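Work through the exercises below with the sequence and the model open. Each task is followed by a stepwise solution.

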Amino acid sequence: MPAHDPPADARLLTAYLRPEGRALSALTGILVVAMLLPLAGPVLVGRFVDGALHGRPSHELALLGAGFLVTALAGDGLQLLVTWLSVRLAWRVGNSLRLDLCRHALGLDLDWHGGHSAGQLIERIDGDIDAVTTFSSTAVLQLLGNAILVLGVLVISAFIDWRASILIAVTVAAAVAIMLRLRRLAVPFYDEEREVQGRLYGDVEERLGGLEDLRANGAGDWAVHQLHRNSAAWWRTARRAALRGDGSLSGAGAVFAAGSVVMLALGAWLCRRGELSVGSVLALLRFSQLVSDPLWKVAEQLAEAQKAVAGTRRAARLLATRSAIVDGTAELAGDRSLTAELRAVTFGYGTGHPVLDAVDLVVPAGTSLGLVGRTGSGKSTVGRLLARLWDTEVGTVLVGGVDVRALQSGSLRRRVGVVTQEVELFRASVRDNLTVFGATTTDDATLLRTLEDVGLASWTADLTDGLDTHLDGPGDLSAGEAQLLAFARVLLADPGLVILDEASSRLDPATEDRLVAATERLLRGRTSIIIAHRLATLDRVDAIAVLDRGRLVEHGPRAALAEDPGSRFRALLDASRVAEVVGQ
Amino acid sequence: MTTTSIPTDTAGAATSTATGTASSTRFAWRMLKADPLAWLFSLSMWVVFFTMPIGSGLLIRSVVDRLPHAPGASIWWFLVALGACELARWAILLPAIIQWHGAFVLWHTIPRLNALTSLVADPGPVTGRLPGSPGEAVSRFRDDARDLALVLDVWLDLVAAFAATGVGLVVLAVVSPVGAIAVAFPIVIVLGIGQSLGSRLRRWRLAERQATARVTGFIGDVFGGIAAVKVGAAEAAVLDRFERLGHDRAAAARKDQVGTQLSQVLGGITANAGLGLALLLVAPAVRRGDLDAGDIALFTTYATTVGGLPRITARWAAFQRQGDVSAARFARLMADGDADSASQRVTTWLRTGPPVAEPIALPAPPDRTGSDRFHQLTVRDLHVRLDDGEQLTGIDLTLVRGELVVVTGPVGAGKSILVRALLGLIPRDAGTVTWNGTVVDDLSTWFVPPRVSYLPQVPRLFSEPLDDTILLGSDRSGLERALRLACLDDDLDEMPDGRATLVGPKGVRLSGGQVQRAAAARAFVRRPELLVVDDLSSALDVATETRLWDGLFDAAGGDLTVLAISHRPRVLARADQVVELRDGRISPP
């Protein structure tokens with residue numbers, strides 16, 4: 001990932017627009033013509049009126065009418081062209097911004113992700129940027145077109161009467177000043193509104209994801225009540241933001257209206273002094289209205305613009321968020337097996353309560369370690385540290401003899417495979433689920449063989465579209481099958497260190513035994529750490545480590561510990577054997 | 001029970017339901033009726049705002065008419081009146097817009113509340129009603145709700161513009177009937193073009209929506225499973241896919257946006273054409289002196305007002321068609337598949353916020369009577385088919401109060417499907433379920449607390465303080481007991497804020513075992529008559545698990561009925577009845 005300084009706020013958009021310079025200038029050129037052509041209209045209408053008053057022949061009047069028609073239509077046609085070009089541009093810019101946001105969010109640490117739901121990220125990566133693209137595809141052009149229009153009006157009206165031109169300039173300046181002043185006041189309120197919406201959608205996403213949990217526990221009312229609360233919060237913030245945001249609109253509109261009334265008064269005065277024709281008064285009046293007409297178009301986009309500013313700000317904030325895990329540069333050697341080592345590691349998930357407490361642990365390359373201890377004793381954390389999903393505050397974590405902090409995370413994680421109890425399946429094809437969207441490149445034969453190896457042969461045979469079958473949720477495979485799939489996923493990556501974190505806990509004993517047999521073959525020659533509650537799963541590991549409340553209390557060869565009547569492992573074995581015997 | 005099978009192909013379903021019916025109009029109309037005052041208040045302001053330029057135009061005409069000749073001072077009074085009229089117009093805009101924003105939120109909220117209420121509470125399984133991923137589902141609540149709110153919004157513009165245009169055209173017709181016809185003519189043309197453009201616009205919109213849903217669904221999926229992405233070092237591959245999806249979506253969105261813009265620009269073109277046409281046609285009348293400068297001024301000012309109508313009409317047509325798609329998609333979220341249920345009147349509490357929710361108080365088990373008190377549950381000849389074939393065949397099962405019934409069997413045998421079908425979470429094709437001898441028709445609303453609590457195999461916790469995600473609105477009184485029974489009390493001591501600790505999405509801050517035990521506490525706190533447990537112990541070590549089951553049975557004093565899925569010998573040993581499933585059938589002992 002390129003480590004460039006993220007530009008803040010509005011500078012962000014400029015940074016993304018810069019590469020589009022040529023497209024932007026072409027667009028601007030067309031826009032200038034499209035905006036200036038219709039300005040002939042009021043002049044032609046003025047001529048029409050003067051011609052009528054002075055008794056010009058009707059074919060001359062008809063010609064002026066036709067001229068009006070042609071210039072207006074040509075202007076509209078060009079407008080459409082501008083829209084087409086600008087929409088293309090906006091999507092290019094928006095998508096590259098989305099891509100960067102997605103890339104950045106992917107790089108953030110799990111601690112950060114713990115505080116941000118997937119729904120929130122949809123808002124950040126897509127919703128906010130939607131506002132930004134809507135803004136840049138329409139509102140920016142409306143603003144720019146407006147500026148061109150105003151300039152054109154000022155020049156043409158100056159030809160009619162310089163005082164009128166000044167009056168229009170003053171009106172526009174006053175209206176714009178009011179708008180900008182109030183707009184700036186409104187931004188924090190729009191920000192607040194977007195935050196509230198983000199919470200609303202984040203909550204909805206979670207509730208919809210946990211619908212069965214809600215229903216079966218009779219918690220529907222609770223979820224609905226929260227939607228009520230979030231909606232009420234949105235109502236309040238939306239109105240609060242409207243007061244500021246649309247107050248500017250109302251103020252500017254009033255200024256423009258006053259400007260055109262004064263223009264009419266000025267025209268009347270000049271006309272009575274014989275300095276202006278009636279047609280020119282009409283043209284000037286039309287011009288003074290013309291500069292306010294597009295204001296409406298801008299105003300329609302103004303809410304979008306303010307949302308876009310707020311969205312851009314949040315995008316900049318997201319891009320400025322630094323991952324607690326800073327990527328190293330070293331590459332991990334391609335050895336078949338890797339040593340895993342924890343040196344004096346003390347670690348807590350930022351809460352102050354250490355989950356691991358001064359742990360020293362070495363798993364030599366090519367050996368297997370069984371990690372046992374009651375829930376919450378820190379077993380899973382060992383795996384997470386080795387895969388560098390978290391960084392330890394105290395001590396060092398080494399894989400293949402290298403401090404994980406020195407390693408490029410991709411290089412590390414390609415060689416460290418983790419299968420957890422929480423299987424993360426994607427709503428994508430079986431192939432995508434196995435290769436994690438193509439992160440592992442393998443041919444279909446290998447994929448099928450691996451599925452067979454983990455015991456999913458019959459499941460695979462039932463797939464309607466083979467590897468292209470779309471997995472669409474829990475209906476398509478049971479939790480146990482999902483675990484086998486996750487296991488296949490890891491094996492495909494050919495890791496040098498495999499961590500099985502309760503990887504077989506959702507399997508029935510028969511299937512588990514088959515899997516253990518298969519895995520033994522597949523893990524041969526690789527380093528492995530196996531975390532399991534069922535001690536039978538650990539029958540064939542080389543060594544055992546026992547964790548108790550974050551401390552490594554026992555570590556030794558499995559056989560020796562199992563023999564030693566005083567060892568904790570032996571005690572655990574005995575306890576589970578009693579349980580199993582009672583069970584038979 | 002009859003379950004209509006719902007096509008899983010979202011695209012097909014949306015199209016087939018959306019065609020032919022003006023459902024977004026009906027949808028919006030029903031929302032309007034839900035709170036007519038909000039809409040009518042906005043409308044009255046809008047009508048005033050739109051029609052005031054008609055008065056201004058007449059005042060301008062009076063001024064212009066008096067410009068060349070009439071030397072009197074009378075024109076200044078007209079100018080004062082004109083100024084007052086214009087300023088008043090802008091002064092009413094601000095309150096109108098603030099009120100409108102509230103109404104706009106209301107129109108979003110009505111279908112959202114109806115859909116969520118139906119999803120969490122209406123009878124029948126929810127599978128098939130929700131789109132694939134929660135991320136896609138969010139786009140229903142976000143984008144589709146917005147499209148429908150916009151229909152009501154565009155009606156405001158439409159009615160107000162029609163009022164202004166009607167008055168304007170009448171005034172113009174009095175001045176020059178030919179000119180009035182010339183100005184009105186383009187509206188007819190635009191409506192014709194809009195009609196022929198309509199189906200294409202709708203197709204483009206649908207394609208854009210699907211492409212967007214794929215993108216949001218992908219983001220939701222990827223960040224929902226961020227750990228797997230990281231562990232798999234799949235960041236680059238994910239970005240690749242994201243870029244490709246974004247590319248496809250941009251292509252669809254370009255068509256959609258340019259199409260929408262086209263219909264709007266057409267409106268603009270015809271407005272200008274109207275004025276040009278009028279000038280051409282009235283030229284002889286002007287030449288004859290039938291029309292004077294003031295009348296031409298009237299035409300130019302009214303052209304803007306009347307010219308707005310085609311634009312708004314085009315927008316209305318586009319929004320209405322886009323709303324049709326959204327209304328159909330909302331209908332699919334509802335239990336009865338009817339858009340009317342999504343648009344029905346509902347109490348919203350927007351102004352004040354909802355009243356503090358009364359905690360759900362469940363009577364203690366000994367006090368329960370009638371159907372709330374459990375004696376016996378029987379399942380007869382249960383069949384379940386899902387998309388990919390027969391999942392369960394002819395399941396018979398009987399549970400009596402105080403029993404522990406354990407379902408066991410190999411992976412994919414249908415164990416979870418059995419309990420989920422029993423709870424009504426997925427549809428069954430055949431089978432009778434009786435509770436205390438009474439046949440239960442809708443399982444999903446029957447098998448809820450205080451009768452039943454359910455602990456899923458992969459529980460979902462919500463991003464809330466731990467106690468809230470356990471209670472989910474129920475009474476706090478049983479919390480201590482539930483936490484103790486779920487063996488969570490030790491863990492709580494180690495959490496930074498104890499039971500008020502914020503649990504991250506998907507419980508990232510909790511270990512797998514803690515998530516499962518929190519979900520167990522969630523089921524226990526309801527003190528159900530029948531506890532349904534799908535593989536409680538998969539994340540627990542033997543000691544914790546033993547402690548948990550022992551505690552549970554001790555606390556119940558023999559009066560606990562459990563239907564559990566488990567492989568643990570320890571649990572099987574306790575069982576009064578073991579049901580072994582194999583390939584969706586009960587295998588004989």
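Predicted model: local features only at pLDDT ≥ 70, side-chain atom pairs only at ≥ 80, totals over all residues.

Residues are numbered from 1 along each chain as its sequence is written, and chains are lettered from A and ligands numbered from 1 in the order in which they are written.

**Exercise 1.** Find the strand order of the open sheet of four strands in chain A.

Step 1. Strands are DSSP runs of E, at least two residues, and helices are runs of H or I, at least four residues, both numbered from the N terminus. Two strands pair if DSSP finds at least two bridges between them.

Step 2. In chain A, β1 (residues 340–347) and β4 (residues 394–399) are joined by five bridges in the antiparallel sense. Within β4(A), T396(A) is the residue opposite R343(A).

Step 3. The order is β2-β1-β4-β5 (chain A), with antiparallel pairing. β2 (356–363) and β5 (402–403) of chain A are the edge strands, each pairing on one side only.

**Exercise 2.** Describe the extent and burial of chain B.

Step 1. Chain B has 19 helices and ten strands.

Step 2. The C-alpha trace of chain B spans about 110 × 50 × 45 Å along its principal axes.

Step 3. Of the 589 residues in chain B, 57% are buried (20 or more other C-beta atoms, placed from the backbone, within 10 Å of the residue's own).

Conventions:
Buried ≥ 20, exposed ≤ 12 C-beta atoms within 10 Å, placed from the backbone.
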